[in-house]
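Hi everyone, thanks for making the time.

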Amino acid sequence: MSSLSLSHITKQYDNGFEAVKDFNIEVEDKEFIIFVGPSGCGKSTTLRMIAGLEEITSGELKIDGELMNDVEPKDRNIAMIFQNYALYPHMTVFDNMAFGLKLRKLPKDEIAKKVNHAAKILGLEALLDRKPGALSGGQRQRVAMGRAIVRNPKVFLMDEPLSNLDAKLRVQMRVEIAKLHEELGTTIIYVTHDQTEAMTLGTRIVVMKDGVVQQIDTPDHLYNQPGNLFVAGFIGSPQMNFIDAVCNVQGDNVTLKAGNLEFALPAEKAAKLKAGNYNGKTVVVGVRPENVTDEIKNPNAAYAKFSAKINASEMLGSEVYLYFDFNNTPMTARVEPGATRKMGDEVNFVIDLSKVHVFDKETTNVITN
């Protein structure tokens, strides 16, 4: 397989719009890289530049150290899998998977060997004589993957391949793609707007917004150590809670005041606000729903305590989400399913202060990681 290097990649259209701005990443051999972000953030444009379907305005794209900017798509040894499958409806599954190999004029026995091998990996052996119209969405997507596998490309590019599938099939296909990556040892670059896909599949995730890379990191680090407000709010479902608070520094002690709630930060987090001269300034406090609960789980930890009236609740079997307003800001808490909470109930909540994140309100960058 292969390594990729994108150095200062920019895409600017004729009307002056910059879809991608100064994109940089080094992709190691066999990595599973996810581009994630809201619609229009530039993730698919970046993928298409790697494939050669979009011209690179400036910067360098290298595959295995070889400059690819002006190399034709067919000569880049890259396979791209689209969200709409792009199968030929009049051809059988076998012929769809074999089509690219036939164009390269490979011997028939070699084509049959490659197609049958890919079909075995993907569980398509019994479907090789069928046409796409007789297949389910998940089966069609596996055929599209098979067509890519038989080419043995240096890099697989996947552009939202699961977006046309229903929720159950998406989960199944996520598992299959993860197994495929493990089995083939491939380098994969995968575009999605679904952060669940990103968190479950990627070895590293590239979070994008408005054409700019916000953070490149492992799923665990993105979740637990977001670099700014956008990443913190985009990664995680339900999203992180955010409340404005005024910082008060007295010696080594730092307290944050949000409405009627005032609490002291743990020493390590306090030191960073003190060092950043945040005394008297408004900052943004972020806390994930699982760290806002209705019970103290660790008596030795520091907690902030408050009460709020429930606006709505969602029972999800193993957990319950409670929705409420605090200081005119919507918030979400995740609690155990034992106690029934209903709309209008007043509930006493606690926030685990060891798990809070504090962000600069002006720059939106994290202060406390």
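This is a predicted model: local features need pLDDT of at least 70, side-chain atom pairs count only at pLDDT 80 or more; totals for chains, interfaces and linings use all residues.

Okay, the overall picture. The protein has 369 residues, and 47% of them count as buried. It contains nine helices and 20 strands. Along its principal axes, the C-alpha trace spans about 75 × 50 × 40 Å. And if you take contacts between residues at least 6 apart in sequence, 67% of them join residues at least 24 apart.

Find helix α2, residues 93–103, and helix α3, residues 108–122; their axes come within 10 Å and cross at roughly 135°. So α2 is oblique to α3, because an angle counts as roughly antiparallel only when it is over 145 degrees. And which hand does the crossing of α2 and α3 have, left or right? The crossing is right-handed.

Who touches whom there? On the α2 side we have Phe94, Met97, Ala98, Leu101 and Lys102, and they meet Ile111, Ala112, Lys114, Val115, Ala118 and Ala119 of α3. Sorted by class, this contact has nine nonpolar residues, two charged ones and no polar ones. Now look at the spacing along a helix in general: an α-helix has 3.6 residues a turn, so residues three or four places apart point the same way.

Staying with α2, its buried residues are Val93, Asn96, Met97, Ala98 and Leu101. Those buried residues pack against α3 and also against α4. Just after α2 ends, you'll find Lys105 with a positive phi of about 60°.

Gln141 sits in helix α4, residues 137–149. Is Gln141 buried or exposed? It has 0% relative accessibility, so Gln141 counts as buried. Leaving aside residues up to four places away in sequence, Gln141 touches Ile81, Phe82, Gln83, Tyr85, Pro161, Leu162 and Met173.

Four strands make an open sheet here, in the order β2-β1-β4-β5, with antiparallel pairing. At the edges are β2, residues 18–27, and β5, residues 66–67, each of which pairs on one side only. That β5 strand is joined to β4, residues 58–63, by two bridges, again in the antiparallel sense. One of the partner pairs is Ile63 with Glu66 in β5. There's a helix to look for as well: α1, residues 43–51, lies across β1, β2 and β4, running at about 115° to β1.

Next up, a couple of hairpins. In one, strand β9, residues 204–209, pairs with β10, residues 212–217, in the antiparallel sense over five bridges. Val206 has Ile216 in β10 as its bridge partner. Two residues lie between these strands, and in this hairpin Asp210 takes a positive phi near 50°.

The other hairpin is made by β11 and β12; it too has two residues between its strands, with Gly251 at a positive phi near 65°. Strand β12 covers residues 253–258 and runs antiparallel to β11, with five bridges joining them.

What else does β11 pair with? Strand β11, residues 241–250, is joined by six bridges to β14, residues 282–287, and these two run antiparallel.

Last stop, β14 itself. How many of its six residues are buried? Five of them are, so to speak, under cover, and β14 is mostly covered.

Definitions and conventions. Residues are numbered from 1 along each chain as its sequence is written. Side-chain values use heavy atoms; hydrogens and water are left out. Two strands pair if DSSP finds at least two bridges between them. Axes are lines fitted to C-alpha atoms, for helices over the stretch in contact, and angles run from 0 to 180 degrees between N-to-C directions. Angles under 35 degrees count as roughly parallel, over 145 as roughly antiparallel, 65 to 115 as roughly perpendicular and the rest as oblique. A crossing is left-handed if the near helix is turned anticlockwise from the far one by less than a right angle, and right-handed if clockwise. Contact means heavy atoms within 4.5 Å. Ala, Val, Leu, Ile, Met, Phe, Trp, Tyr, Cys and Pro count as nonpolar, Asp, Glu, Lys and Arg as charged, and the others, Gly among them, as polar. Buried means under 20% relative accessible area, exposed over 50%, partly exposed in between (1.4 Å probe, protein chains only).
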